Amino acid sequence: MLPPDDFDPPVGLAQDLEPGLRRIVADNPSPMTYRGTNTYLLGSRGLAVIDPGPASSTHLDAILAAVGSDQHISHIIVTHTHLDHSPLARDLSQASGAPILAFGDAAAGRSFVMTQLAKGAQIGGGEGIDEDFRADQIVQDGDHIKGDSWSLEVIHTPGHIGNHISLGWQDACFTADHVMGWASSLVSPPDGDLTDFMASCARLQERDWRTFYPGHGGAIDDPKDRLAWLVAHRQSREADILSALTSGPATAHALAAQIYTQTPPTLLGAATRNVLAHLVDLTGKNQVTPVDTLSVDAEFRLI
């Protein structure tokens, strides 16, 4: 059960979150982006802009307006290449002169299994991917990005997409779309990888974080509990899928309709992709197998 959420900030206005950190919510609300994409401004003079957001001249103006006369943008950091997070990076770079930093292009960080699926299986996917994205500087897991009053640790957290990074800031972490408070993250093969997703959750659980700043929704002040919920939620979905398959082979779509009974029809497609991610993960664990060729419409059965 998700906790109640009253997150409803003014759109396009920079709000103080704590000393040295502000947030601007982009005007791109939707069932998949909640109130809109969170763009973070970190620093006091030389600012890091984390996730500039979707292609939007209005949001570009909002970011530039938040830069004070004694400030400048020194870094533009993209956590991952979905269309609600990365496209504005190039326009912001041209306007500010700041370089764009990211883990890589749309295919960077993809696991071997998902790379093979993308090449050979008719598995679909590719929802909302910024295929044109290019970084000026590639960052790797464990790197430290340093500004004049801040430092960020790059933590590669694939799962939602292979090139997804989280950013450790002292005892806080910018978790982008890996951990959010308003919903669980979409994992849609071949860009999304549930095996990687669970491993990334385990990695974040190794640290004692004070707060998470997600890509959508409000700050998460109980990171340990939220991660535990997220892991348990995925484990529960896996159990539901295995239980449903005891009645015989089924497609991801059929399983989603059976399991996600409280999900609005508009989100059943996303639920189906999440179920497919579980089925691919369970295939790797030798617990299920496609009846025929692996595809988005394939039936799966228990082994």
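How many residues lie between S1 and S2 in their hairpin, and which residue in the turn has a positive phi? Two residues separate the strands, and Gly20 in the turn has a positive phi of about 85 degrees. Helices (H or I, at least four residues) and strands (E, at least two) are DSSP runs, numbered from the N terminus.

Before going further, a word on the model. This is a predicted model, in which local features need pLDDT of at least 70, side-chain atom pairs count only at pLDDT 80 or more, and totals for chains, interfaces and linings use all residues. Residues are numbered from 1 along each chain as its sequence is written, and side-chain values use heavy atoms, with hydrogens and water left out.

Two strands count as paired if DSSP finds at least two bridges between them. S1 and strand S2 (residues 21-25) are joined by three bridges in the antiparallel sense. Within this pair, Gln15 has Arg23 of S2 as its bridge partner, and Asp16 stands opposite Arg22 in S2.

| Helix pair | Angle between axes | Axis separation |
|---|---|---|
| H1 and H2 | roughly 45 degrees | within 11 Å |
| H5 (residues 223-244) and H7 (residues 268-284) | about 80 degrees | 10 Å |

H5 is therefore roughly perpendicular to H7, while H1 and H2 are oblique to each other. In these terms, angles under 35 degrees are roughly parallel, over 145 roughly antiparallel, 65 to 115 roughly perpendicular, and the rest oblique.

Contact means heavy atoms within 4.5 Å. On the H1 side, His59, Leu60, Ile63 and Leu64 meet Leu88, Asp91, Leu92 and Ala95 of H2. The residues of this contact of H1 with H2 comprise six nonpolar, one polar and one charged. Ala, Val, Leu, Ile, Met, Phe, Trp, Tyr, Cys and Pro count as nonpolar, Asp, Glu, Lys and Arg as charged, and the others, Gly among them, as polar.

In the other pair, Arg234, Arg237, Glu238, Ile241 and Leu242 of H5 meet Asn274, Val275, His278, Leu279, Asp281 and Leu282 of H7. The contact of H5 with H7 has five nonpolar, two polar and four charged residues.

Another open sheet has five strands in the order S8-S9-S10-S11-S12, with mixed pairing. Its edges are strand S8 (144-146) and strand S12 (211-214), each with a single partner strand. The twist averages 25 degrees from one strand to the next. Strand S9 (residues 151-156) and strand S10 (residues 165-169) run antiparallel, joined by four bridges, and Ile155 has Ser166 in S10 as its bridge partner.

Finally, Ser200 is found in helix H4 (residues 194-204). Ser200 is buried (under 20% relative accessible area, against over 50% for exposed and partly exposed in between; 1.4 Å probe, protein chains only), with a relative accessible area of 4%. Leaving aside neighbours within four places in sequence, Ser200 contacts His156, Thr157, Pro158 and His178.

Conventions. Axes fitted to C-alpha atoms, helices over the stretch in contact; angles between N-to-C directions.
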